[in-house]
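I opened the model and kept short notes as I went.

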Amino acid sequence: MGRAARFWRSREGALVLPALAFYVLVYLYPLSRIVGWSFFDPDFTLKFYRELLAEPAYFKALRNTLEISVLVTLISLMLGYPLAYLMTTTSARARRVLTVLILVPFWTSILVRTFAWLVILGNNGLVNRALLDLGLVEFPQKLLFNMVGVQVGMVHVLLPFMVFPLYGVMSRIDLNVVRVARSLGAVPRKAFLYVFLPLSLPGVGAGCILVFLLAIGFYVTPALLGGPGQITLATMIDMMINTFLNFGFAATLGVLLLAVVGGIFGLFSGLMGLNRILGAGEGR
Amino acid sequence: MTGARVALWALCTLVMMFLIAPIIVIVITSFNGTPYMDFPPKSLSLRWYANFFSSAHWYDTALLSLRVALLTMVAATVLGTSAAIGIVRGTFPGRRALEAFFISPMVVPIVVVALGFYFLFSRYHLLDTTLGLFLGHTVIATPLVIVMVRAALRTTNPAMELAARSLGADFWRSLRYVTLPSIKATIVAAAAFAFLISFDDVVIAIFVAGPDTTTLPKRMWETIRFEIDPTLTAIASLLTLVAVIVLVGVELMRRGSSERVE
Amino acid sequence: MKRREILKRAGIVAAAAVAGPFFHVRPARADKGDLVVVSWGGDYDQALRDFVFPAFEKATGYTVKLDAPPETAKVKAMVQSGNVSWDVIMTDTPAVQALVKDSLLEPLDYAVIDKAKLGRIPRELQQQYALGQRIYSFNIVYNTNSMPKAKHPRNWAEVWDAKNFPGGRTFNFQGGIAPQLEAALLADGVPVDKLYPLDVERAWRMMDKLKPIVAKWYTSHAQAIQLLSAGEASVGNTIGPRGITAKKAGAPVDVEYNQGKLASDNWCLVKGVRNKKVAMEFINTALDPKMQASIAQKVPYGPSNTGAFEFLSAQDAADLTTSPENIKQQFWWNTDWWSAPGPDGKSPREAQGERFAKWMINS
């Protein structure tokens with residue numbers, strides 16, 4: 001790479017400075033304090049970590065958290081990819097309508113949406129009434145206060161976070177490449193699988209990361225719409241803070257979560273070449 | 001249309017119905033005549049809307065939330081976009097670690113972050129201030145902007161910027177006329193998301209806000225936790241209406257420009 | 001170009017909206033004229049605003065600022081950071097116990113309270129760090145559509161009996177006093193006067209029997225009432241007064257007072273409170289019997305000052321959990337047993353709370 005290019009690239013690196021300054025001032029201090037709580041009480045101690053390792057319930061909560069988040073990510077991907085694809089390949093007008101429709105629910109507070117789910121998914125709710133009237137089931141199906149309810153509630157909130165990164169990348173794919181493949185004799189399905197899909201992978205990566213991370217932090221929806229099998233680590237942290245006033249242990253759980261998520265990314269990075277999925281670090 | 005296309009439209013229509021259904025339920029419930037929420041409503045009334053508009057408390061909190069969200073939107077977009085460009089196009093060492101650092105507020109459970117903010121703000125008398133809320137929200141909204149802008153940047157070609165610069169454009173001009181326009185759609189989307197993250201935040205508000213700075217979600221959370229007030233559904237419906245108006249307006253404006261696919 | 005203009009104008013409007021009282025920074029110690037009171041929000045706050053605040057403000061010249069909710073974590077953070085901005089809080093007894101354990105409350109100055117009032121308030125509600133303001137109860141609350149008044153569970157044993165009383169149950173997972181071990185023991189046939197000290201293992205065996213028939217472990221009492229009103233649960237263990245409020249609003253719910261558990265919401269002072277005397281004056285005002293009666297008419301919680309009953313009609317009184325008819329069917333939650341530290345320093349409140357969480361997760 002030429003000297004000129006290197007010079008300009010280092011200049012662009014300086015753009016991180018405003019954000020860095022902000023983060024160090026407003027975020028690093030509280031963050032380090034939080035990590036500190038897990039190690040000091042007030043003298044250095046590992047008692048919180050010992051307590052954490054001794055009790056399997058916290059790891060079960062962690063497992064619940066990951067289960068929920070992975071499932072939400074997969075479902076959002078399965079629903080969001082076709083949606084983004086449609087948006088990319090349809091007329092400008094239809095695209096505008098779709099955009100508005102996708103974003104409108106976005107404005108509705110999670111808290112209020114939860115009530116709507118009660119109405120829709122409850123035993124006396126719309127879905128069950130329809131199923132019973134149509135004779136498809138004998139008795140009301142349990143759609144709430146279990147994984148089903150949580151998935152419905154969370155996917156509903158997080159779908160836009162999958163669709164828009166996907167669309168952002170897809171819209172930039174040069175459709176001529178696909179047309180060339182077709183003109184070279186590839187069937188539509190193959191053209192899609194071997195040309196379009198790989199090109200859309202950066203969007204898939206970004207969407208999945210976003211949804212996964214956001215899902216991990218959720219605790220309102222699993223608490224309101226889930227059952228005991230959906231008690232998340234975030235719920236435990238909230239309980240530690242608010243019911244037991246045990247800031248030290250809450251911080252420990254927080255560090256655990258951070259470590260696990262960091263570990264997952266490290267693993268992915270190594271195994272699947274995250275760089276390739278997200279696009280190379282050099283900006284190609 | 002081919003069979004595959006029909007199937008695609010069918011699937012997407014189902015998804016859209018899934019997205020819209022709760023909204024319709026909420027709007028219908030907002031016209032409910034009785035004080036406890038049942039469905040379908042046995043009587044209709046506008047009382048919850050009247051309640052919202054006549055109650056200074058709800059009105060003020062909505063205005064405050066709006067203000068903080070607008071500020072957060074601007075700050076998070078500026079900080080996030082610049083950070084993303086710096087990370088993707090920069091050459092300094094430790095970029096990936098820095099990136100992880102920037103994204104970490106999304107991973108750390110928000111209730112823990114909020115507690116951390118409490119202590120920090122308490123020290124500098126930022127509690128119960130708009131400024132405090134704004135700072136807290138910006139921290140949690142910026143990572144979102146970074147993730148989105150970074151993905152978009154990675155699909156653009158740096159050769160264009162090099163070309164612009166070799167033609168004589170300086171750093172800022174190439175940024176303004178080449179880099180930013182190529183990711184404009186993503187920046188706008190990220191800004192909208194940042195706005196919403198701030199507007200809808202409950203947890204940070206619970207810790208950082210106070211009697212003089214009650215945000216809308218905090219008030220709604222109190223209401224939901226301790227009593228369920230149908231005024232919430234009226235508020236939610238109003239917000240939806242505003243969203244529809246704004247979005248439709250933005251799209252209509254876009255029609256005037258000759259931009260491609262964005 | 002037209003679009004640029006529109007954007008510009010929108011930008012100006014947005015800027016104007018943003019430039020509001022932005023940098024309003026509250027001084028760390030409030031001005032002399034302020035008292036910050038923290039309560040649970042909603043209708044009760046409105047009642048306080050309507051009745052107590054004007055009287056207090058007129059008498060002392062101080063302005064009252066209301067905040068909600070009284071999150072205990074915030075109190076702890078406040079005291080630990082040395083920046084106390086809350087003066088008086090109203091919260092439930094488990095929260096009081098948690099706060100006292102970490103030395104986060106200021107002892108109350110009973111000298112400021114009128115002797116006449118204290119004489120009419122039950123002695124159990126007059127503690128060093130907490131003074132009862134209102135009395136609530138955990139009752140059997142049921143949906144009248146699926147469990148008509150003629151055939152509804154009349155005691156906890158019947159609530160545990162899903163065969164004769166089918167339908168989903170709802171009990172609290174979080175929300176003050178948890179787990180509901182007393183109800184479990186009563187369901188197993190333990191007589192009320194032999195409840196304490198609680199036979200914990202026996203109670204947990206009953207909880208195991210309850211688990212399969214619970215439709216939802218609610219996280220807030222408002223949610224419980226919502227579930228019961230909507231028929232998603234047929235019977236639950238939740239706050240009776242809330243059930244009454246819903247019933248008055250037309251919801252198909254009703255309250256059974258038999259074997260109910262009484263507890264209090266209390267006034268407390270945050271440690272480091274700015275003006276203790278004024279804060280106690282406020283509490284004194286709130287305990288006025290006539291004041292409490294007016295509040296009870298709006299929000300059906302039992303007034304701590306039993307003198308309030310003289311100002312209530314028989315009909316209003318009948319709705320309250322502490323009316324003579326209702327109170328005799330219920331027992332008091334034993335705060336001493338629940339807060340006594342065990343050999344490892346943990347009180348039953350903490351130990352059973354933790355056990356509850358683990359029990360729930362490991363299901």
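**Ground rules.** I am working with a predicted model, where local features need pLDDT of at least 70, side-chain atom pairs count only at pLDDT 80 or more, and totals for chains, interfaces and linings use all residues. Residues are numbered from 1 along each chain as its sequence is written, while chains are lettered from A and ligands numbered from 1 in the order in which they are written.

**Chain A.** I looked up the secondary structure and found 14 helices and 0 strands. Helices (H or I, at least four residues) and strands (E, at least two) are DSSP runs, numbered from the N terminus. I boxed the C-alpha atoms along the principal axes and got roughly 70 × 70 × 35 Å. Of the 284 residues in chain A, 49% are buried. Buried means 20 or more other C-beta atoms within 10 Å of the residue's own, with C-beta atoms placed from the backbone.

**Chain A against chain C.** I found 19 residues of chain A in contact with 23 residues of chain C. Contact means C-beta atoms, placed from the backbone, within 7 Å. On the chain A side, helices H4 (56–89), H11 (220–225) and H12 (233–242) each supply at least two residues.

**The core.** I checked the largest nonpolar core, which has 275 residues. Such a core is a set of buried Ala, Val, Leu, Ile, Met, Phe, Trp, Tyr and Cys residues joined through C-beta atoms within 7 Å. A:Leu158, B:Ala114, B:Ala194, B:Val208 and C:Val270 touch the most other members. I then followed B:Val208: leaving aside neighbours within four places in sequence, its contacts include B:Ala114, B:Phe117 and B:Leu133.

Technical notes
Buried ≥ 20, exposed ≤ 12 C-beta atoms within 10 Å, placed from the backbone. Contact = placed C-beta atoms within 7 Å.
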